[in-house]
Amino acid sequence: MATKQATLGQWLPWRGLVLPLLLVAIWELVVRARIANPVFLPPVSDVVRQGARLVSSGEVWVGLRASLARDLAGLAIGGALGIAAGVALGVSRRADRLFLPTVDALKQISPFALIPLMSFWFGLREPAKIAFIAITCVFPMLVNTYEGVRNVEQKYLEVARIYRYGPARTLALVILPAAAPSILRGLHVGVFFSWLGTVGSEYFFTAGPGAGNIIIDGRNASRMDLVLFGVVVIGLTGYLLNVAVGLVERRVLHWRTQER
Amino acid sequence: MSELLQATAAQGRDGLRAGSAAPRRPWFLRWSWSPLRSRGAPLLVPLALLILWQVAAARGWLAEQILPAPSLVLQSLAGLAASGELWEHARGSLLRVGTGFGIAAVLGVSLGALLGASRRAEAYVLPTFEVYAQTPVIAWIPIGILLFGISGKLAVFLICIAALVPVVMNTFKGARHIPPAYLELARVYGLSRWRLFSRVVAPAALPSIVLGLRMGLSQAWLTLVAAELVGIERGLGVLIVESRNLFQLDIVLGVIVLLGLAGFILDKSFVMLERRLASWRGPAG
């Protein structure tokens with residue numbers, strides 16, 4: 001039984017590749033049968049060729065590096081603000097009661113609605129982009145941190161009291177570790193939104209280097225092969241970012257699995 | 001002395017609220033300032049901000065072109081509403097959200113239920129779907145433009161793409177994580193496949209599905225604005241862009257507030273729906 005499970009396990013991930021391959025095959029067939037207008041659906045080979053050209057010229061890497069730097073800067077600012085505010089609201093009932101309803105209402109405002117305003121206030125360059133990315137990811141970080149801190153079990157706080165921990169030690173040794181799973185859940189959502197914000201900022205603010213340029217250039221030139229390659233690059237990057245957070249999560253929450 | 005009395009009284013009430021057996025929290029986690037406990041407390045911060053904003057504008061700390069006074073924002077909004085222009089834009093936006101979200105809800109619940117019901121479907125489809133789920137909706141804009149042109153359909157397409165993700169994922173989780181005891185009981189009763197689905201699986205997964213729909217609606221609302229920024233004939237997002245280009249920041253701010261308010265109301269109505277479902281479901285869930 002155990003060996004059967006193992007071979008099954010080795011075989012399982014490959015099933016995930018069936019659907020993408022099938023889709024590509026259908027795509028190729030549709031193109032060959034001349035059902036679709038090639039302007040809307042270029043042959044697979046065109047997309048691959050464009051991709052290879054951009055990869056070998058290094059254009060993709062330059063863009064990705066710029067985008068990721070932007071993404072991380074925004075995430076760092078938004079994440080720090082979100083965690084700090086989440087801890088404050090979670091720890092203090094006074095702050096909770098005063099600010100939470102306002103936060104609740106503010107987080108309903110689509111960050112994209114702020115773009116015209118931000119372009120007015122901050123211009124269209126890098127600071128505006130990073131501010132926008134920070135805004136997109138601050139609320140998920142805040143909400144999840146708040147929930148994690150709020151739900152710290154009373155008995156942990158009692159232990160902190162028995163040991164006569166001060167605020168700083170209680171926070172660092174009790175509250176934050178207990179809230180870590182929830183904060184990391186927030187990081188998953190935050191990373192998703194910061195990547196959305198990164199691509200959005202590249203799309204709606206003025207162009208600088210970035211991964212979003214591939215799709216913007218493709219759109220401007222009405223070149224679907226470029227656009228499709230750009231979508232694949234952006235999608236895979238988002239997926240890998242999520243995987244990376246998963247690895248961080250496993251590492252940080254290592255003690256949890258040991259405990260059980 | 002009276003301060004001390006007040007503080008202990010407040011602690012007493014705190015203790016009552018948390019259940020009489022609840023231990024005292026560490027001193028820095030306690031609080032006692034009774035005016036803040038009134039029902040109006042949540043309104044204090046918005047009110048203070050509003051006053052600060054009005055004062056800042058009235059005193060000319062910031063130029064009117066950069067931050068118009070709230071009274072001016074309200075006035076401009078009222079003007080737009082009176083002329084009927086605001087409703088026209090709002091109707092366009094609501095129609096797009098409704099259509100896109102409706103399509104995403106039907107498709108999403110079906111796909112999520114399929115993934116939840118069949119482990120084989122999950123193995124084949126979920127990895128691809130996860131990559132799709134992590135692709136920012138902005139990346140689809142150029143594809144949408146090339147397919148539909150800059151039109152209302154583009155917004156519906158994008159809204160549908162974005163709202164689909166949370167609906168599918170939550171329906172999937174809800175259908176997959178049904179307590180085994182429920183299924184065993186159903187087997188004991190010898191329920192048919194259809195009855196198993198309609199009597200056990202669907203009700204057990206419902207709260208998760210509603211949560212997914214709520215998150216989907218919030219995604220739809222978020223995406224609406226992004227789609228309309230690209231420029232469509234009528235819509236609240238378009239109104240923002242047009243007003244910005246005319247340097248009418250009062251209208252820009254007003255519409256942003258309106259959009260937030262509408263999203264807030266939609267979200268709260270979903271929360272109420274969730275509560276109703278929870279009360280119907282009882283403590284067993």
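This is a predicted model: local features need pLDDT of at least 70, side-chain atom pairs count only at pLDDT 80 or more; totals for chains, interfaces and linings use all residues.
Colleague: What about charged pairs: how many salt bridges are counted between chain A and chain B?
Modeller: The count there is one salt bridge. A:Asp104 and B:Lys268 meet in a salt bridge through their side chains, with 3.2 Å from N to O.

Colleague: I've met A:Asp104 now. Which residue of chain A does A:Asp104 form a salt bridge with?
Modeller: A:Lys107, and the closest N and O atoms of that pair are 2.9 Å apart. A:Lys107 is partly exposed, at 30% relative accessibility.

Colleague: How should I read a salt bridge in general?
Modeller: Look for a side-chain nitrogen of Lys or Arg within 4 Å of a carboxyl oxygen of Asp or Glu. Over all chains, that gives 14 salt bridges here.

Colleague: Take A:Arg150 and A:Asp96: which parts of chain A do they lie in?
Modeller: A:Arg150 lies in helix α6 (residues 126-150) and A:Asp96 in helix α4 (residues 93-106), so the pair ties together parts that are 54 residues apart in sequence. Their side chains meet in a salt bridge at 2.6 Å, N to O.

Colleague: Is A:Asp96 buried or exposed?
Modeller: Buried, with a relative accessible area of 11%.

Colleague: Which residue does A:Glu153 form a salt bridge with?
Modeller: A:Lys155, with the closest N and O atoms 3.5 Å apart. A:Glu153 is partly exposed at 39% relative accessibility, and A:Lys155 is partly exposed as well, at 48%. Salt bridges can also join up into a network, and A:Arg70, A:Glu126 and A:Glu202 are linked in one.

Colleague: Let's look at a single residue. Where in chain A is A:Val152 found?
Modeller: In the loop between α6 and α7 of chain A. A:Val152 is buried, with a relative accessible area of 10%. Setting aside residues up to four places away in sequence, A:Val152 touches A:Leu157, A:Ile175 and A:Ala178. For a distance along the chain and through space, pair A:Val152 with A:Ile216: they are 64 residues apart in sequence and 46 Å apart in space, C-alpha to C-alpha.

Colleague: Now the outside. Which residues form the nonpolar patch on the surface?
Modeller: A:Trp121, A:Phe122, B:Leu47, B:Leu49, B:Ile51, B:Leu52, B:Val55, B:Trp61, B:Leu62 and B:Ile66, with about 980 Å² of accessible area together. The elements giving two or more residues to the patch are α5 (115-122) of chain A and α2 (41-58) of chain B. The largest share, five residues, comes from α2(B).

Colleague: Is B:Leu52 buried or exposed?
Modeller: Exposed, at 52% relative accessibility. B:Leu52 is found in helix α2 of chain B.

Colleague: Last one: how many helices and strands does chain B have?
Modeller: Eleven helices and zero strands. Of the 285 residues of chain B, 45% count as buried. Chain B exposes about 15,500 Å², with carbon and sulfur atoms supplying 66% of it. To see how the chain folds back on itself, look at contacts with a separation of 6 or more: in chain B, residues 24 or more positions apart account for 70% of them.

Terms used: Residues are numbered from 1 along each chain as its sequence is written. Chains are lettered from A and ligands numbered from 1 in the order in which they are written. Side-chain values use heavy atoms; hydrogens and water are left out. Helices (H or I, at least four residues) and strands (E, at least two) are DSSP runs, numbered from the N terminus. Buried means under 20% relative accessible area, exposed over 50%, partly exposed in between (1.4 Å probe, protein chains only). Patches are made of residues with over 30% relative accessible area and no salt bridge: like charges are joined within 9 Å, nonpolar side chains (Val, Leu, Ile, Met, Phe, Trp, Tyr) within 5 Å. Accessible areas come from the Shrake-Rupley method with a 1.4 Å probe; for residues, only the protein chains shown count as cover. Contact means heavy atoms within 4.5 Å.
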